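Student: Could you take me closely through one part of this model, the strands and the loops that link them? I'd like to see how the pieces connect.

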Amino acid sequence: MSKVKYYYDPDTLSYRKIEPKKSKRYRNVLLFVLGSALFGFLGLIILLNTRWVNTPKELSLEREVRNYELQFDILSKKMQQMEQVLANIEDRDNNIYRLYFEANPIPEEQRRAGFGGINRYKSLEGFNNSEIIIDATKRLDIIQKQMVIQSKSLDEIAKLAEEKEKLLAAIPAIQPINNEDLTRMASGYGWRSDPFTKARKMHWGMDFTAPRGTPIYASGDGKITRADNKSSGYGKHIRIDHGYGYISLYGHLSKYNVTVGQKVKRGDLIGFVGSTGRSEAPHLHYEIFKDGERINPINFYYGSLTAEEFENMLKHANQENQSLD
């Protein structure tokens with residue numbers, strides 16, 4: 001029940017009741033309705049947009065989301081650095097390591113190949129940050145695959161390097177008699193005059209003249225396959241199988257310092273100069289075979305001669321003189 005208000009009338013010397021005007025009453029009702037509607041609308045907006053009235057738990061969750069986004073950004077930069085380092089290793093692998101060891105480069109499409117078939121990342125879909133998570137996961141998978149390919153490539157390079165080292169050690173690369181022990185380099189590879197028939201015939205090796213008993217050294221790593229005098233003309237001779245198709249032969253020896261089946265290293269003492277077999281004077285007859293074919297030994301002295309010594313040997317080896325066997 002509304003309060004009744006009165007006012008004092010001096011004319012009648014009495015209190016009279018205040019009657020409110022109808023227009024004012026309508027205005028008050030209208031203001032009440034508008035105010036109620038306004039507050040209701042504001043309440044609805046607040047309910048629909050919780051950002052204005054986040055609870056402490058919601059604020060904590062927002063901070064966690066921002067932290068995750070920051071961590072993903074840091075992870076993305078680290079992955080970018082890993083990709084750059086991996087790309088540098090791959091470039092050196094293809095253009096230095098594999099090139100040096102005569103191995104085929106790994107194709108770029110093989111290194112960069114993705115993952116086909118089923119959707120590997122379906123379980124990561126449907127979240128607010130699914131796109132970021134899926135992209136990071138894909139990049140990590142590709143980096144992992146590239147690392148596996150590169151690891152296998154380096155394993156292959158290591159095996160090739162080991163084989164290369166064995167090959168370099170096996171190639172007959174030194175002169176079988178020391179320079180200080182030589183009297184002279186008597187005859188080289190090529191057409192020469194036979195010392196017995198005086199006819200011109202092919203001389204398949206090089207003759208090194210030296211006093212009887214001068215040490216003879218293995219020109220490369222290998223295995224002794226022959227040490228006998230059962231090959232016509234060579235007298236007492238030694239053959240070393242170096243592997244990779246290489247065989248070296250040492251003829252006209254006075255005696256052996258090795259036995260058949262023995263493994264030797266480059267520079268090991270294997271025998272001594274003599275004049276056994278079809279020989280005119282004490283010397284070493286030296287031959288090299290590659291895949292069953294005789295080749296010029298002069299191309300295999302890079303391991304023991306200086307440029308000047310090699311030039312001097314080349315000069316004498318090219319003279320069409322008389323051989324000693």
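Tutor: Let's start with Asp-291, which counts as exposed because its relative accessibility is 56%. On this scale, buried means under 20% relative accessible area, exposed means over 50%, and partly exposed lies in between, using a 1.4 Å probe and protein chains only. Before going on, please note that this is a predicted model, where local features need pLDDT of at least 70 and side-chain atom pairs count only at pLDDT 80 or more, while totals for chains, interfaces and linings use all residues. Residues are numbered from 1 along each chain as its sequence is written, and side-chain values use heavy atoms, with hydrogens and water left out.

Asp-291 sits in the loop between β14 and β15 (293–295). Strands here are DSSP runs of E with at least two residues, helices are runs of H or I with at least four, and both are numbered from the N terminus. The phi of Asp-291 is near 55°, a positive value in a residue other than glycine. Most residues other than glycine have a negative phi.

Now step into β15, where you will find Arg-294. With a relative accessible area of 31%, Arg-294 is partly exposed. Its side chain makes a polar contact of 3.0 Å with the side chain of Glu-287 and one of 3.4 Å with that of Tyr-234. A polar contact is a pair of N or O atoms within 3.5 Å; within protein, one must be able to donate a hydrogen and the other to accept it, and residues adjacent in sequence count only if both atoms are side-chain atoms. Arg-294 and Trp-204 are 90 residues apart in sequence, yet their C-alpha atoms are 6.7 Å apart in space.

Ser-248 belongs to β10 and counts as buried at 0% relative accessibility. The side chains of Ser-248 and Tyr-250 make a polar contact of 2.8 Å. Beyond neighbours within four places in sequence, Ser-248 is in contact (heavy atoms within 4.5 Å) with residues including Ser-219, Ile-240, His-242 and Tyr-286. As for β10 (residues 246–251) as a whole, 5 of its 6 residues are buried.

The next partner of β10 is β9 (residues 237–243), joined to β10 by 5 bridges in an antiparallel arrangement. Here Asp-241 stands opposite Ile-247. At 36% relative accessibility, Tyr-244 counts as partly exposed.

Finally, look at His-237, also in β9. His-237 counts as buried, with 0% relative accessibility. Leaving aside neighbours within four places in sequence, the contacts of His-237 include Arg-226, Asp-228, Leu-249, Tyr-250 and Tyr-256. β9 is also among the elements that cover the buried residues of α4, along with α2 (56–100) and α3 (108–112). Those buried residues of α4 include Ile-134, Arg-139, Ile-149 and Ile-157.

Technical notes:
Pairing = 2+ DSSP bridges.
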